[in-house]
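Trainee: I would be grateful for a close look at the metal site in this structure. Please treat the site in its setting within the chain.

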Amino acid sequence: MIENQSGEDYLEAILRLSAVKKDVHSVEVARELGVSKPAVTKAMRVLGQKGYVSVVDNHIHLTQEGKAYAESVYERHRTLTAFLVGLGVDADTAEADACRIEHVLSEVTFSAIKKFMDGNAADK
Ligand SMILES: [Zn+2]
């Protein structure tokens, strides 16, 4: 696991970007997260050492392990956003809050929310 939350944000951003295009560049990740390019380079070095990304010629790729991790973070993101919107929170706030909550929520609480959401979806 990554001890700092921003590592998870980076993985999530790379996953989102790589869904729309094949090659993800560090400048795009910087734009997506509102950080500097050197900050991205530094983060990629850390994530690379952990085996989550590989960087070749400024092109960032998720490793298999990195992709699985990013997908679990993104699943939390989507579930929590939907949960908050369901409570009546506006979409922008829900999205921004979900992106913070996703890093700190315990697995127990998250599965409870997920179960609740799945149950609600099944009712419809
Ligand atoms: Zn997020």
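Mentor: The account below begins with the metal site and then turns to its surroundings.

The model is predicted. The protein donors of the zinc ion come from Glu12, His77, Cys99 and Glu102. The angles among the six donor atoms run from 53 to 134 degrees, and the site is irregular. It would count as octahedral only if opposite donors were over 155 degrees apart and all others between 65 and 115.

Along the chain, the donors of the zinc ion are spaced as E-x64-H-x21-C-x2-E. Because glutamate 12 belongs to helix α1 (residues 5-20) and histidine 77 to helix α4 (residues 64-86), this pair ties together parts 65 residues apart in sequence. Glutamate 12 and histidine 77 are both buried.

Histidine 77 also has a contact with glutamate 95, a residue whose other contacts beyond four places in sequence are Arg16 and Thr81. Glutamate 95 sits in helix α5 (residues 91-104). With a relative accessibility of 36%, glutamate 95 is classed as partly exposed.

Of its 124 residues, 33% are buried. Among contacts with a separation of 6 or more, 57% join residues 24 or more positions apart.

Key
Residues numbered from 1 in each chain as written. Predicted model: local features only at pLDDT ≥ 70, side-chain atom pairs only at ≥ 80, totals over all residues. Heavy atoms only, no water. Donors = N, O, S within 2.8 Å, 3.2 Å for Na, K, Ca; no water. Tetrahedral: all angles 85-135°; square planar, octahedral: opposite > 155°, others 65-115°. Helix = DSSP H or I, 4+ residues; strand = E, 2+ residues; numbered from the N terminus. Buried < 20%, exposed > 50% of the residue type's maximum accessible area, 1.4 Å probe, protein only. Contact = heavy atoms within 4.5 Å.
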